[in-house]
Amino acid sequence: MSTHQVTTVIGLEVHVQLKTKTKLFCGCSTEFGAPPNTQVCPVCLGLPGALPVINEAAIDLAIRTGLAINCSIPEMTKWDRKQYFYPDLPKGYQISQFDLPICADGYLEIVDPADDESTRHIGIIRAHLEEDAGKSMHDEVAGKSDTRIDLNRCGTPLLEIVSQPDLRSAAEVREYLTQLKLILMHLDVSDCEMQEGSLRVDANVNLHIETDGKKIATPIVEVKNMNSFRAVERALEYEIERQYIDWEADGLTIDDRAKTTRGWDDSKERTFIQREKEESADYRYFPDPDLLPIRIPSERIEQARLTLGELPQATINRLQGQYGLKTYDANVIVNQGPAMIAYFERSAEVSGDAKRSSSWIQQDVMRTLKEQDTSIEAFAVSSDQLGALLKKVSAGEIDNARARDVFAYMLEHNVTVDEAMKSLGIEKVDSSELDALCQELLDANPQVVADVQGGKVQALGALIGQAKKKNPNANPGKVRETLLRLIQS
């Protein structure tokens, strides 16, 4: 990018919608997809005289998340009003947390994208609870420039997780977000659906540049409107390059320009200016007079700690050590959540072949789940039955191709492995039957015998195909072994 020494400095603000049935301060539903303005009440609409009541489930989810990201949980936390005007904020303020957040001083360890053998320690300043605003829908495409407001989302509980500016590249940001999402999904505190607004990422980025024997920093930019991890990565790559080009052109530093907000245009693959960023003083925070501070007993924190179980990175490490899986395979399984981890472990135990179980789950099971739009909990083939099928494959009783026929039959008819094999006419071929079949083929094909004895082992391919035609239950691997044994003897 330059002849100067440039360090990228990135801090993230991740807004996580908590998986509660009702909103943070009222009893309205948080279910996604309802008709606009149907999940509202006097409290979340900010009508005069309506008073908020705290949702305890949101408190518990915040504590569990804080513990999982190595935060301390204070004995007391409180609520503050953050004042700003926007059409989708009916009260004219947002109930948030300012100086006493519910979680503080945490960290995440991530794999260094530049070196798989190293880790990076990413500090977390705080994670605080707040209510969401509504949603503005701008009808600029139709040329009307109308804006409609849907207030269903008003009051939905959010946990805002704020990192230290410890991230040094777009690739590190993606790895951090992937690890954070894994934890959130594992704890079942959020569904993390970015397209539904359940996980939203704002990135603060600038450059530290060494020039003429001194260090300067470019103006900080907050990048918004990124609706996928890939979009976050691309937006930051663009913004890093843009900031350096601008600095070379105008020389402006962090002392010359206030923090600005830029949006990401995914179709044009560029950021665009939105506004100057407000500082905390502009929000005129003060303690919310309608809500008492919350005291969190140490016993409650320890009870929450006991519910965490094995966290995702520990599970990935264990699957590698216990089952011999590659890092990639362990990551894929763990990324599917606790239910898939349990499914894999049980099928591996029954089959006695963990690598085969991993392969089938990643290919056949996950593909079918996607096609059927279902979950592993509701999947027609249980982990025990998949394990039983793969045990037969490993023992050579059935080959992979026939096993997939059995799998498909089990899916369609909801039957056991043995019932499916019986219905399909698949039987184990005993050794004497296989010997007789192979000897018959060798007697009829003396040229193949001569070719194999001359070193052309690939000539067996034609006989294996003939064996399958004569007996579809013959395992190609076993046929090959038997043919070679008979030729050599």
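This note walks through selected features of the structure in numbered points.

1. Basis. The model is predicted; local features need pLDDT of at least 70, side-chain atom pairs count only at pLDDT 80 or more, and totals for chains, interfaces and linings use all residues. Residues are numbered from 1 along each chain as its sequence is written, and side-chain values use heavy atoms, with hydrogens and water left out.

2. Helices (H or I, at least four residues) and strands (E, at least two) are DSSP runs, numbered from the N terminus. Two strands pair if DSSP finds at least two bridges between them. Strands of a sheet pair through backbone hydrogen bonds, either parallel or antiparallel.

3. Arg-81 in that sheet. Strand S3 (residues 80-83) pairs with S4 over four bridges, in the antiparallel sense. S3 and S15 are also antiparallel, over two bridges. Which residues are the bridge partners of Arg-81? In S4 it is Ile-95; in S15 it is Phe-286.

4. The faces of S4. Buried means under 20% relative accessible area, exposed over 50%, and partly exposed in between (1.4 Å probe, protein chains only). Strand S4 (residues 93-96) is covered on both faces. Tyr-93 and Ile-95 are buried on one side, Gln-94 and Ser-96 on the other.

5. Strand S9. Seven of the seven residues of S9 (residues 157-163) are buried, so this strand is largely enclosed by the rest of the structure. Pro-157, Leu-159, Ile-161 and Ser-163 point one way. Leu-158, Glu-160 and Val-162 point the other way.

6. Partners of S9. S1 is joined to S9 by five bridges, and the two run antiparallel. Gln-17 stands opposite Leu-158 in S9. Strand S6 (residues 115-131) is joined to S9 by seven bridges, again antiparallel. Arg-126 has Val-162 as its bridge partner in S9.

7. Asn-55. This residue sits in the loop between strand S1 (5-17) and H1. Is Asn-55 buried or exposed? Asn-55 has a relative accessible area of 10%, so it is buried. Contact means heavy atoms within 4.5 Å. Not counting residues up to four places away in sequence, Asn-55 touches Thr-20, Thr-22, Lys-23 and Leu-24.

8. The cores. A nonpolar core is a set of buried Ala, Val, Leu, Ile, Met, Phe, Trp, Tyr and Cys residues joined through side-chain atoms within 4.5 Å. The largest has 67 residues. Those with the most contacts inside it are Leu-12, Trp-79, Ile-102, Ile-161, Tyr-176 and Leu-177. Leu-12 touches several residues beyond four places away in sequence, including Ile-161, Val-162, Tyr-176, Leu-177 and Val-201. A second, separate core of 35 residues includes Ile-316, Phe-379, Leu-389 and Val-406.

9. H1 against H2. Axes are lines fitted to C-alpha atoms, for helices over the stretch in contact, and angles run from 0 to 180 degrees between N-to-C directions. Helix H1 (residues 56-68) packs on helix H2 (residues 170-187) at an angle of about 135°, with axes 11 Å apart. The pair is therefore oblique. Angles under 35 degrees count as roughly parallel, over 145 as roughly antiparallel, 65 to 115 as roughly perpendicular and the rest as oblique. Arg-64, Thr-65 and Ala-68 of H1 meet Ile-183, Leu-184 and Leu-187 of H2.

10. H9 against H10. Helix H9 (residues 383-394) and helix H10 (residues 400-413) have axes that come within 10 Å and cross at roughly 160°. These two helices are therefore roughly antiparallel. Gln-385, Leu-386, Leu-389 and Val-393 of H9 make the contact with Asn-400, Ala-403, Val-406, Phe-407 and Met-410 of H10.

11. Two loop residues with positive phi. Asp-188 is not a glycine, yet has a positive phi of about 60°. Asp-188 lies in the loop between H2 and strand S10 (199-211), and at 43% relative accessibility it counts as partly exposed. Asn-414, also not a glycine, has a positive phi of about 55°. Asn-414 is in the loop between H10 and helix H11 (417-424), and counts as exposed at 59% relative accessibility.
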